[in-house]
Amino acid sequence: MNDTGKLSIQALRTSLKPFAKPELGPAVWQIANTFLPYFGLWGLLIYLLKSAVPYYLVFPLFIPAALLLVRIFIIFHDCAHSSFFASHRANTILGYVSGFLTFTPFAYWQRTHLVHHGSYANLDKRGVGDLWTLTVNEYRALSPAKRLAYRLYRNPFVFLGVGPGYSFLVTQRFSHKGDGKRERFSIMLTNVAIVLLIALAGLTMGFRIYLMIQVPIMLIAGAVGVWLFYVQHQFEGVYWAHQDDWDPVKAALDGSSYYKLPKVLQWFTGNIGQHHVHHVLPRIPNYRLQESYDATPAMQTVPPLTLLKSMGSLKLNLWDEERHKLVSFASLSG
């Protein structure tokens, strides 16, 4: 935990405010170095599959394509915060276009994500834009059937395997309780765009080749994206609190991880590993997160979560209110 007693969220935001200014040059360059290679890989994959190259030889190319789709989603995420461009209209247009490629309705996701920013690390505001997380007492109060459902949900093979596909391909196709006119419109427009993209694919490359490419890319990208979201707020030493005790500084610096990834993965994930910086000031575009981290000593006090260490987060399933920490299912038998 950080010594945050002398800090205020206003002071932290003030120190980061100079970096919350979108820059057209880096934004355009990021679009070019993300979208062009993504479409280039699609073209190469279509060519190889049409040339009857064995699928197992083609499959490795799905990994960089999926990572580029993750990077497109980070751009989408910035547009939802109106931080990628200075222009609100430009953010909205690029957000919708990125949403078509990631099968994610822009306004719908934007609303749930902004709710997440106002409720993360808060035990009394769970349930919107986050992963299902129960306290130990809540879990013990469940029926055996509901305990099994929760255990299945928290199983890595489910939330990283089945979960992303179900979320991106199924649940985001329909409106939900609390959606307004703008959110419902974004869902409808995204669904229409997806149908048109699939129809175009069928007329050009053929449905079989389209599915052979689209499905693995979506599933790999979805698993990476869900994993990133998971470890951003569920890790050893994370901070959670009830509303009366919730502290915005502790929530940002202790409730959000600094996921220090190898440089190549940091590039593909758009610096989103510096998530504590993002939660202090969400209006910082992803291409300025590293710069803002390097220039702000308070951000550097957060201990890094390494790739190896983050694997330990998989066994953390419940919040123990007595010990103020995430614990495993196995710990309940002790």
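I take a surface patch to consist of residues with over 30% relative accessible area and no salt bridge, with nonpolar side chains (Val, Leu, Ile, Met, Phe, Trp, Tyr) joined within 5 Å and like charges within 9 Å. A salt bridge here is a side-chain nitrogen of Lys or Arg within 4 Å of a carboxyl oxygen of Asp or Glu, and accessible areas come from the Shrake-Rupley method with a 1.4 Å probe.

The model is predicted, and I kept to its conditions: local features need pLDDT of at least 70, side-chain atom pairs count only at pLDDT 80 or more, and totals for chains, interfaces and linings use all residues. Residues are numbered from 1 along each chain as its sequence is written, and side-chain values use heavy atoms, with hydrogens and water left out.

Nonpolar patch. I found that Val162, Tyr166, Leu169, Val170 and Phe174 make a nonpolar surface patch of about 490 Å². Leu169 lies in helix α9 (residues 156–169), helices being DSSP runs of H or I with at least four residues and strands runs of E with at least two. Leu169 counts as partly exposed because its relative accessibility is 40%, where buried means under 20%, exposed over 50% and partly exposed in between.

Negative patch. Asp124, Asp244, Asp245, Glu321 and Glu322 gather in a surface patch of negative charge, the charge being placed at CG of Asp or CD of Glu. I located Glu322 in the loop between β4 (318–320) and β5 (325–327).

Gln274. This residue sits in the loop between α13 (263–268) and α14 (275–280), and its side chain makes a polar contact (N or O atoms within 3.5 Å, one able to donate a hydrogen and the other to accept it) with the side chain of Gln290 at 2.7 Å.

Definitions and conventions
Lys, Arg positive; Asp, Glu negative; His and termini not counted. Buried < 20%, exposed > 50% of the residue type's maximum accessible area, 1.4 Å probe, protein only.
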